[in-house]
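Subject: Structure handover

Hello,

Here is the structure you are taking over. Please open it next to this email and look up each residue as you read.

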Amino acid sequence: MENLTLEKRQLCDIQGRLFELARTTGLDCPSFIEAFMNSKTALALDDVYDRLQWAGEEYILEELNDEVGGLKKAGAVYSTEIMYWIGYTYRYWHYYTGEYSREIFKIADAKTMDECWLGFHTFDVTMAIDDLKEIYEQKYKKSHSL
């Protein structure tokens, strides 16, 4: 795959910072991730171009909060490093495979991403994505071969 354009890398960074912001504002991390990845807000970021892509993480968080009728406060907390990596990786994943946020979340939910961070965050992001997809395929095959 060709390298991502500067604009796409910037959008990966914005989504990483959005996930960090969710954590630093005291939101339940797994709940936020699920709400975001299944939202119209994420779908707008998946689009070829949407004004929301350049709105900044604070505005995007407000949009999501309005869309879901209030994000869950407190609860499970991931480190800011993990949250940034998850957000960045999810956005990169979209550019790498063309899959939408909702589909990506079905393959690698918040729990999976948290559990894989320690081993995967030092990988090239495409390698991490390929490995996450492989884990999903192995789980899927195992659950459907019983």
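By class, five nonpolar, two polar and four charged residues make up the lining of the largest pocket. In this count, Ala, Val, Leu, Ile, Met, Phe, Trp, Tyr, Cys and Pro are nonpolar, Asp, Glu, Lys and Arg are charged, and the others, Gly among them, are polar. Before the rest, some notes on the source. This is a predicted model, in which local features need pLDDT of at least 70 and side-chain atom pairs count only at pLDDT 80 or more, while totals for chains, interfaces and linings use all residues. Residues are numbered from 1 along each chain as its sequence is written, and side-chain values use heavy atoms, with hydrogens and water left out.

The pocket and the cavity

Both terms come from a 1 Å grid over the protein atoms alone: a cavity is a set of points where a 1.4 Å probe fits but cannot get out, and a pocket is an open set with protein on both sides within 12 Å along at least five of seven lines. Lining residues have an atom within 4 Å of a point. Grid points are joined across faces, edges and corners, and a volume is the space filled by probe spheres set on the points.

The volume of the largest pocket is about 150 Å³. Its lining consists of E7, K8, L11, D46, D47, V48, Q53, W54, H94, Y95 and Y100. Two elements, α1 (6–24) and α5 (80–97), each give two or more residues to this lining. The most comes from α1, with three residues. Helices here are DSSP runs of H or I with at least four residues, numbered from the N terminus.

The structure has one cavity of 30 Å³ or more. The space in the largest cavity is about 40 Å³, and the residues that line it are L11, I14, Q15, L45, Q53, I60 and R91. Again α1 gives the largest share, three residues. Four residues of the cavity lining are nonpolar, two are polar and one is charged.

Q53

Q53 is listed in the lining of the largest pocket and also in that of the largest cavity. Where does Q53 lie? Q53 is in the loop between α3 (40–46) and α4. Q53 has a relative accessible area of 3%, so it is buried; buried means under 20%, exposed over 50%, and partly exposed in between, with a 1.4 Å probe and protein chains only. Not counting residues up to four places away in sequence, Q53 touches L11, I14, A44, L45, D47 and V48. A contact means heavy atoms within 4.5 Å. From C-alpha to C-alpha, Q53 and I14 are 8.3 Å apart in space, and 39 residues separate them in sequence.

Two helix pairs

The axes of α5 and α8 are 10 Å apart, and the helices pack at an angle of about 85°. Axes are lines fitted to C-alpha atoms, for helices over the stretch in contact, and angles run from 0 to 180 degrees between N-to-C directions. That makes α5 roughly perpendicular to α8, a label for angles of 65 to 115 degrees; under 35 counts as roughly parallel, over 145 as roughly antiparallel and the rest as oblique. On the α5 side the contact includes W85, T89 and Y92, and on the α8 side V125, T126 and A128. By class, this contact has eight nonpolar, three polar and two charged residues.

The axes of α2 (residues 29–37) and α4 come within 11 Å and also cross at roughly 85°, which makes α2 roughly perpendicular to α4. F32, A35 and F36 in α2 meet I60, L61, L64 and V68 in α4. The contact of α2 with α4 has seven nonpolar residues, no polar and no charged ones.

Single residues

T126 is in helix α8 (residues 125–144). Is T126 buried or exposed? T126 counts as buried because its relative accessibility is 18%. Leaving out residues up to four places away in sequence, T126 touches Y92 and Y96.

A128 is also in α8 and is buried, at 0% relative accessible area. Beyond its neighbours within four places in sequence, A128 is in contact with W85, F120 and F123.

E137, another residue of α8, is partly exposed, with a relative accessible area of 38%.

A74 lies in the loop between α4 (57–68) and α5. Its phi is near 60°, a positive value in a residue other than glycine. A74 is partly exposed at 48%.

Regards
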